[in-house]
Amino acid sequence: MRDIWKRKQEMAVLDYRTVNGVPYLAFPALERTGIVCHGFSTRMGGVSTGVYSTMNFALLKGDDPDHVRENYRRMAKAIGVDQEKMVLSWQTHTTNIRKVTEDDAGKGITRERDYHDIDGLITDVPGLTLVTFYADCVPLYFLDPVRRAVGLSHSGWRGTVGRMGQATVEAMGREYGSNPGDIIACIGPSICQDCYEVGEEVAAEFRRAFSEKYWPELLCAKPEGKYLLNLWRANEIVLLEAGVKAENIQVTDICTHCNPDYLFSHRTMGSERGNLAAFLSIKEL
């Protein structure tokens, strides 16, 4: 299939797939293990209309709930998972992580969520699909092929400063005995440094959170006290410092803001838009 994406690297890190008319992005590094089903949605292939067109996964932003549920059904079929076993986050830019069990199946889809303020999900239960949401923030995928456990976390600038990647790695170690050296971690489609302008207050948070040797990589100064912030590199540093091996980290080559025809972007569209979603599930044997 012709590559429609404006990519930030010459070598593609993410593959573009279409299954049953539903396009999505996938990491070959995860697929090669044969252990998981996963994907990252695009704006295409759904039934939502207007500012939500067409593949919106946000149930609480004003879209027709029937349209959103149909979008979930289509994505579930495309990536080969059970819609009724999806478990949705409730994101508020925290570093809180929930251990997902069989009792959580369907929460956010067929059942009400009995939790709030959850930006990360982990599980070792085959068949449960973790779901988190995006429109410029960074998706973090985690797979421990030894313990057969997965994690999926939302990391905006606040989550990155709070070291969400490290929090997820530590949660997988605590709950499943995961060794950071075994974990495969993927940094998903999100806003690139060229597009992400921040002010001095945010820049100061990153200076406090990261060693001075990294500042030139993370912050590119602009006039009038503005900076271009590299969330991709920041999250990579967090993962490395958490013990994930460099060769086990994949960093996205696709920016949400650079591809507004195909991906929702808060910086491009504001709050009147849909949400993208990341999906990750351990295959059932």
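Select Gln91, His93, Phe133, Arg273 and Asn275: of the 29 residues lining the largest pocket, these lie nearest its centre. A pocket here is an open set of points on a 1 Å grid over the protein atoms alone, where a 1.4 Å probe fits, with protein on both sides within 12 Å along at least five of seven lines; lining residues have an atom within 4 Å of a point. The model is predicted, with local features needing pLDDT of at least 70 and side-chain atom pairs 80 or more, while totals for chains, interfaces and linings use all residues. Residues are numbered from 1 along each chain as its sequence is written, and side-chain values use heavy atoms, without hydrogens and water.

Next, colour β7 (129–134), α3 (157–161) and α8 (266–269), each of which gives at least two residues to this lining. Helices (H or I, at least four residues) and strands (E, at least two) are DSSP runs numbered from the N terminus. The space in this largest pocket is about 700 Å³, a volume being that filled by probe spheres set on points joined across faces, edges and corners.

Move to the second largest pocket, with about 180 Å³ of space. Select its lining, which includes Leu59, Leu60, Arg69, Trp90 and Arg113.

Finally, select the cysteines. The structure holds zero disulfides (pairs of cysteine sulfur atoms within 2.5 Å). Cys220 is in none, the nearest cysteine sulfur, in Cys192, being 12 Å away.
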